[in-house]
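Here is a friendly briefing to read alongside the sequence and the 3D view. Please keep both open as you go.

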Amino acid sequence: MSVEFLINALAAGLLIGCFYAAVTIGISISFGFLDIANISHPAFVIAGSYAAYLLNQGVGIDPLLSGLLLTIPFFLLGCLFYDIYFHAFEQHGREGLSGLAFFFGLMFIIEVVLIMIFGVDFRYVEAGYLNSTWRLGFLDLPLRLLIPSLVAVLLFVALQLFLSTTFQGRAIIAVSQDPSALSLLSIRPRRIKRLAFGLSVASAGLAGALLIMIQPVEPSIGREYIGRVFAICVLGGMGSLPGTLIAALLLGVIESLTSSYYGPAWAPAVSFTFLLATLTLRPRGLLGR
Amino acid sequence: MDNRIAIRNLSAGYGAVRVLEDVSLDVASGQTAVLLGVNGNGKSTLIKCIMGMCKPSAGAIEAHIDGQPHDLLKLTTEEIVDLGIGLVPEGRRLFPKLTVEENLLLGAYRPAARVKRLANLDFVFETFPRLAERRRQPVALMSGGEQQMVALGRALMLEPKILIVDEPSVGLAPIFVARTIDVIDQLKRVKNLTVLMAEQNFNQAIRVADTGYVIVHGQIAFTGRSRDELNNSELIRRLYLGA
């Protein structure tokens, strides 16, 4: 085992960690700020992958560009689902267990619809740059990983700036702490939550396009991400986007090192042991408010 | 400009419990009206009715903002606040995980306040230098007195024309009670506000009152049109001074 091998494993872990951040950032918004346990978030990510696949194979649109375009319909979809969720559950104070069941059901519906349309085969996208690799000395940086990671970082920076510098962003951070106090500042809490949930689902659309650039996708692959992304969200600390990014990078590196040295089967065990150990020492997560 | 509230024959309650019965009162433009009464007599319910957070069973609440009349019973809380009626709620209702500055800036959300946010932020920091020192600190880590400053500051960021303060003295050390009441009076003068304040601390509240209403069991039991009238009221002596 050489130093080169270690550094390549580290780099791969950081790159995949950036992608994990892109998938988790939506959970950090919906679960961390709105207390909505949107368990169907990874299913929305997969739906984003298939939308990017359709645009790529059907119309020949670059997957990166379609990722950006997808944010708009996915944002509207998120607003719609929040309204349904609000009228069916939140309005009556039944958001806890019923809400969880709602999103659990939504996850299966998305999955089944995808299977009915596309079947269970793996699908992938094509773009000239996806097959090339940058070599910096002994360091290999495959573009199919590097580009999604950079886009993930940009997505993270954009959302963090939005939350910390705009009026709507601050209201999103405040809304779970005391919604009716927002009304006293002439801020409609339902509108703020709808905006936040829309952004959350929009980020899932983009993350889906990134995922199908990284690897081929089939409809039920989202399930692999449910445990991982909620773990990253909790590990980073509820309501902290920087915490989410750090936790995603940490988990990416831990998984990559474990897979490289001991085999991929060990990766989840080591990750979740790390999560439990962190939560024992820091119950609020790494950067929880 | 004319900024006032008129409440006529207001009755309200929760289920079968009547909390307010036939209450009429006026908050005159540019003046401080004080609502006096011990806990459980309906002060907070009255304020909730003004802010659209509690629907009364009978009566009318009308606000004049810059001379324009508005029927508050037809408006939502957000719309009432957007008229320029700001509330410092009981218990302050701050966002504990946000910093002082973030809490204050949330007050400037409505468009009319947003354009003046920098000037208003400067004004709040001038009025409460302590908050300027701690602007990046989460509100949860501050003392009750400092939190009350943030709550007042946040309401000022709304750019209100009428300021309603519910029980500013609750949970404060005696020295902060006097200081908070003084600041409310000073803000009224500097910002030319119309003020309605609910308070249990009679001696402190009466120092700044132009009009005082004593509320007992959901009814206005006494109206004092001046400080002397309030000071010399038999009822107030009995209720508050134990005479």
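Two strands count as paired here if DSSP finds at least two bridges between them. With that in mind, strand β1 (residues 4-14) of chain B is joined to strand β4 (residues 58-65) of chain B by six bridges, and the two run antiparallel. Please remember that this is a predicted model.

**The open sheet of chain B**

- Four strands of chain B make up an open sheet, in the order β2-β1-β4-β5, and their pairing is antiparallel.
- The edges are held by β2 (17-27) and β5 (68-71) of chain B; each has a single partner strand, so one side of each is left without a neighbour in the sheet.
- From one strand to the next, the twist averages 20°.
- As background, strands of a sheet pair through backbone hydrogen bonds, in either a parallel or an antiparallel way.

- Is strand β8 (residues 194-199) of chain B mostly covered or mostly open? It is mostly covered, with six of its six residues buried.
- In a regular strand, side chains alternate between the two faces of the sheet.
- Both faces of β8(B) are covered: B:T194, B:L196 and B:A198 are buried on one side, and B:V195, B:M197 and B:E199 are buried on the other.
- Strand β3 (residues 32-36) of chain B pairs with β8(B) in the parallel sense over five bridges, and B:A33 stands opposite B:L196 there.
- Strand β7 (residues 162-166) of chain B also pairs with β8(B) in the parallel sense, over five bridges, and here B:I164 stands opposite B:L196.
- To get from β7(B) to β8(B), the chain passes through helix α8 (residues 174-191) of chain B, and this β-α-β crossover is right-handed.

**Where chains A and B touch**

- How many residues of each chain are in contact with the other chain? On chain A there are 16, in contact with 19 residues of chain B.
- Helices α6 (167-175) and α7 (179-183) of chain A each supply at least two residues of the side of chain A that touches chain B.
- The most is given by α6(A), with five residues on that side.
- By class, the side of chain A that touches chain B holds eight nonpolar, four polar and four charged residues.

Definitions and conventions
Residues numbered from 1 in each chain as written. Chains lettered and ligands numbered in written order. Predicted model: local features only at pLDDT ≥ 70, side-chain atom pairs only at ≥ 80, totals over all residues. Contact = placed C-beta atoms within 7 Å. Nonpolar A, V, L, I, M, F, W, Y, C, P; charged D, E, K, R; others polar. Axes fitted to C-alpha atoms, helices over the stretch in contact; angles between N-to-C directions. Buried ≥ 20, exposed ≤ 12 C-beta atoms within 10 Å, placed from the backbone. Right-handed = clockwise from strand over helix to strand, strands pointing away.
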